Amino acid sequence: MAKGRVLVVDDEKLIRWSLEHNLSREGYEVVCTDCGEKAVSTVDSEIVDLVILDVRLPDITGVEVLEKIRGFKRDIPVVMITADDAVKTAVACMKAGACDYMIKPFDFDELKVIIEKSLEDASLKSEFRRMRNDLEAESQFENIIGESERMREVFRIITRVACSDATTVLLYGESGTGKDLVARAIHYGSARKEKPLIEINCAALPETLLESELMGYEKGAFTDAKAARKGYFELADGGTIYLDEIGEMNVSMQAKLLRIIENKRFKRLGGTEDIEVDVRIIAATNSDLTAAVSEGNFRKDLYYRLKVIPVELPPLKEHRDDIPALIDFFITRFNREFKRIIRGISPEAQKLLVDYHWPGNVRELKNVIERAIILECDELILAEHLPSEIRGDQISREISQEIEFNFPSGGMSLDKLEASLLKRALSMSENNQTKAARLLGLGRDALRYRMKKTGLL
Ligand SMILES: Nc1ncnc2c1ncn2[C@@H]1O[C@H](COP(=O)(O)OP(=O)(O)OP(=O)(O)O)[C@@H](O)[C@H]1O
Ligand SMILES: [Mg+2]
């Protein structure tokens, strides 16, 4: 297979011939043309991976050709070749969007390296764009499912935030409730969408690294700083920084963050110059920040600054009426992804899902549907295709309705009660832990944890 299709545009027959000859030998497919208009129409109508373009052509200039190409194919790499070595020609080429230029007579080996590098850059760029487009498509507001009052409230705030200039947003909610999804939706739904969205998990980076990654550094700021580097705040200028697990940020970095938010400027580590940035901060947490504030682990001033626009993502069990729509949404998505044709879900299975307590929230629901579609069902998701803890929930609810529990007037020990319930469940299921766990509406791991805690294991 050819390494790529290269269009050579030059009015000199000899150059066309020599480039065609050399490039074909290197494994490229080569097409040639001798004038500008033909070059433009070839790029427009055929697959071309790279253009080698002479600056002086008989009809229109190479720079004009390049400008026309940029009008419809923004990213195709174009290498200019020119007979004159005037700086102004080079500048005009680069300004018009050439990826490089060479002066005739040129060395073919040098051109070869430039072509390889340009094609590699272009493929990286298009891969990056594809990923970004996927992410953007996935994070459209219409892909956030929820018609319940709780979710409507979320939509009301985030649509308003996305259109506004408000720079900080605090998302909070349990794990799996959609904080990442909402953060991306805010970015891609805002005027900042063409600028970067940089996502940082504050828990994943050690303190010192987090600071240098965010603020960048000057050469020599610390031992390893061999050259100056821009930080995320600079790179995200005009866009959004998503600080996930903000509760894990250390207190001194919190102070710096607050200063950056308030002053919209900062200095690189080891730097003296103020750098001005316009960045929206979306912070997220699944832990209770008020507790961290009262324990002194989170700065009150930063908390209040972030909390100006708070968005609470409710736990799934608090908006169960959205579950049927979420199920449909995930069935459609996984049918497409895994090329399946599951029609839907039985009313019984749907009821189990609506009634379950969803400790892992929407992420857990998504995983349950994915598993059922990949591993379990043929055309309809049935109760038997659901994991035992979900079916178990139903069983334990039935049992709990039967229990007539009289609370002893003298009080009781919850630990002892737990131990006795565990024993009862184990004996009812002949010591089969999986069955006992199901009776108690637990997973097997959770049961074993409780057995250890109460000394039964
Ligand atoms: N309302 C929703 N509609 C559709 N998909 C959703 C919704 N909420 C969450 N999801 C999906 O559930 C999964 C988990 O969501 P996300 O990663 O945004 O959660 P999170 O709150 O950031 O969790 P964590 O705190 O664990 O990082 C993702 O695949 C997301 O697309
Ligand atoms: Mg998250």
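## Domains and the ligand shell

Domain bounds here come from an automatic or database domain assignment. With that in mind, let's walk through this predicted model.

Where does the shell around ligand 1 come from? Domain 2 (139–312) and domain 3 (319–386) each contribute at least three residues to the shell. Looking at helices, at least two shell residues come from each of α7 (179–188), α13 (323–338) and α15 (361–376).

## A closer look at ligand 1

There are 19 residues around ligand 1, and those that come nearest are Ser 175, Gly 176, Lys 179, Asp 180 and Lys 366. Sorted by class, the shell holds eight nonpolar, six polar and five charged residues.

The side chain of Asn 286 places an N or O atom 3.4 Å from an oxygen atom of the ligand. Ile 145 takes part through its backbone, where a polar atom is 2.9 Å from a nitrogen atom of ligand 1. How much of ligand 1 does the protein cover? On its own, ligand 1 has 630 Å² of accessible area, and the protein covers 89% of that.

Rolling a probe the size of a water molecule over the atoms shows where empty space is left. In this model, the count comes to one cavity of 30 Å³ or more. The largest cavity has a volume of about 100 Å³.

Which residues line the largest cavity? The lining consists of Thr 167, Thr 168, Phe 233, Ile 260, Ile 261, Lys 264, Val 277, Asp 278, Val 279 and Ile 281. By class, that lining divides into six nonpolar, two polar and two charged residues.

## Two backbone details

Most residues other than glycine have a negative phi, and most peptide bonds are trans. Two places in the chain are worth a look with that in mind.

The peptide bond from Lys 104 to Pro 105 is cis, and its omega is near -5°. Pro 105 belongs to the loop between β5 (100–103) and α5 (108–138). Lys 339, although not a glycine, has a positive phi of about 50°. You will find Lys 339 in the loop between α13 and β13 (344–345).

Methods. Residues numbered from 1 in each chain as written. Chains lettered and ligands numbered in written order. Predicted model: local features only at pLDDT ≥ 70, side-chain atom pairs only at ≥ 80, totals over all residues. Heavy atoms only, no water. 1 Å grid on protein atoms, 1.4 Å probe; cavity = no way out; pocket = protein on both sides within 12 Å on 5 of 7 lines; lining within 4 Å. Points joined across faces, edges and corners; volume = space filled by probe spheres on them. Nonpolar A, V, L, I, M, F, W, Y, C, P; charged D, E, K, R; others polar. Near = heavy atom within 4 Å. Polar contact = N/O pair within 3.5 Å; in protein donor to acceptor, adjacent residues only side chain to side chain. Areas by Shrake-Rupley, 256 points an atom, 1.4 Å probe, with all protein chains shown as cover. Helix = DSSP H or I, 4+ residues; strand = E, 2+ residues; numbered from the N terminus.
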